[in-house]
Amino acid sequence: MRFSIILIGLMLTTSFCSFHVVNTSEAGLWYVDFEFWIDGNQTAFMTVTLVFSDTGYNLTGWETIGRDFSNFSGAAHFGGWEGNIVLYVICYESHSFSLGQLDEGVYIFTLFSVHDDFPYWYTEMETRIFEVGFPADINDDGKVDIKDVALVARAYGAEEPELNYNRIADVYYDGKIDIRDVSYTAIHFGET
Ligand SMILES: [Ca+2]
């Protein structure tokens, strides 16, 4: 019990988290590191580092980050090297994105790779979910209980700009209250 309280405390107070993801898609990538942090003004930043195990590939550019409700996406442009390839050199490229000020909520980040020769050929590489604040505490009273679940349930099925749509109950901010918002709140039931 005490252990879980400590974990929750960390979740509430941390302003930094990172994920290490071994790449499972194509291209010469070895792994992808995500670092995500929030400064004192609740402005979020994300650094993505791509590490290549195959010197036949390198990175030729990054796209700016896009946002659709709580979904963020960024793209990395890969190129195959031409000419002599230096063996046994691990290449890495790192890039930081400013995500602007984020409200409390659950955010979904997806990294796509874009083939330079086929700019419309997007390959989804990795998806990561970040929590800002304590999103399941809908009414902001410091605990997730039946009142929070009731607030989400009452707005269930509502979409912007309908009258019973409730922005704070839209935990996964996509303009509608659906099963994802209900299940997220239910999973965190009892947390303080
Ligand atoms: Ca939603």
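I call a residue buried if 20 or more other C-beta atoms lie within 10 Å of its own, exposed if 12 or fewer, and partly exposed in between, with C-beta atoms placed from the backbone. I am working on a predicted model, where local features need pLDDT of at least 70, side-chain atom pairs count only at pLDDT 80 or more, and totals for chains, interfaces and linings use all residues. I number residues from 1 along each chain as its sequence is written.

Overall layout. I looked up the secondary structure and found 3 helices and 9 strands. Helices (H or I, at least four residues) and strands (E, at least two) are DSSP runs, numbered from the N terminus. The order from the N terminus is α-β-β-β-β-β-β-β-β-β-α-α. I checked burial next: 19% of the 192 residues count as buried.

Backbone check. I kept in mind that most residues other than glycine have a negative phi, and most peptide bonds are trans.

Phenylalanine 69. I found a positive phi of about 55° here, and the residue is not a glycine. Phenylalanine 69 sits in the loop between strand 5 (66–68) and strand 6 (71–80). It counts as partly exposed because it has 15 C-beta neighbours inside 10 Å.

Aspartate 140. Its phi is also positive, near 60°. I placed aspartate 140 in the loop between strand 9 (118–132) and helix 2. Is aspartate 140 buried or exposed? Aspartate 140 has 10 C-beta neighbours inside 10 Å, so it counts as exposed.

Proline 161. The peptide bond from glutamate 160 to proline 161 is cis, with omega near -5°. I traced proline 161 to the loop between helix 2 (146–154) and helix 3 (179–187).
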